[in-house]
Amino acid sequence: MEYKIPSDGVVVKNARLAVAADLRRKKILKQPIAKYDPKTGKVYLLHSDGTREEVGETRRARYSERKR
């Protein structure tokens with residue numbers, strides 16, 4: 001039996017649906033949702049009551065430019 005490999009569009013569509021379903025589930029269960037602000041490079045948790053809690057920060061250097 002021959003298996004067909006799905007196109008990238010199908011995989012991307014299913015991934016987006018899975019993420020949307022997980023976000024809906026988190027809102028219903030009142031769990032915090034992780035967000036990223038690309039302008040400031042900060043990572044924060046958005047709680048159901050509207051409060052934001054900063055949990056981290058991204059590095060601005062590329063992986064190959066980081067010092068070991």
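User: What makes arginine 52 count as lying over the face of tyrosine 44?

Analyst: A charge sits over a ring if NZ of Lys or CZ of Arg is within 6 Å of the ring centre and within 35 degrees of the ring normal. Arginine 52 lies over the face of tyrosine 44 at 3.9 Å from the ring centre, which is within the 6 Å limit. The model is predicted: local features need pLDDT of at least 70, side-chain atom pairs count only at pLDDT 80 or more, and totals for chains, interfaces and linings use all residues. Residues are numbered from 1 along each chain as its sequence is written, and side-chain values use heavy atoms, with hydrogens and water left out.

User: How many aromatic pairs are there, and what would count as one?

Analyst: The search of the whole structure finds zero. Rings of Phe, Tyr and Trp (its six-membered ring) pair if their centres lie within 6.5 Å; planes under 30 degrees apart count as stacked, over 60 as edge-to-face and the rest as tilted.

User: Why is aspartate 37 called partly exposed?

Analyst: Its relative accessibility is 23%. Buried means under 20% relative accessible area and exposed over 50%, with partly exposed in between (1.4 Å probe, protein chains only), so aspartate 37 falls into the middle class. By the buried criterion, 4% of the 68 residues of the protein chain qualify.

User: Which residues does aspartate 37 contact, leaving aside neighbours within four places in sequence?

Analyst: They are Lys42 and Tyr44; contact means heavy atoms within 4.5 Å. Aspartate 37 itself lies in strand β1. Among contacts in the protein chain between residues at least 6 apart in sequence, 0% join residues at least 24 apart.

User: What makes β2 and β3 a pair of strands?

Analyst: Strands are DSSP runs of E with at least two residues, helices are runs of H or I with at least four, and both are numbered from the N terminus. Two strands pair if DSSP finds at least two bridges between them. One of the bridges links valine 43 to glycine 56 in β3.
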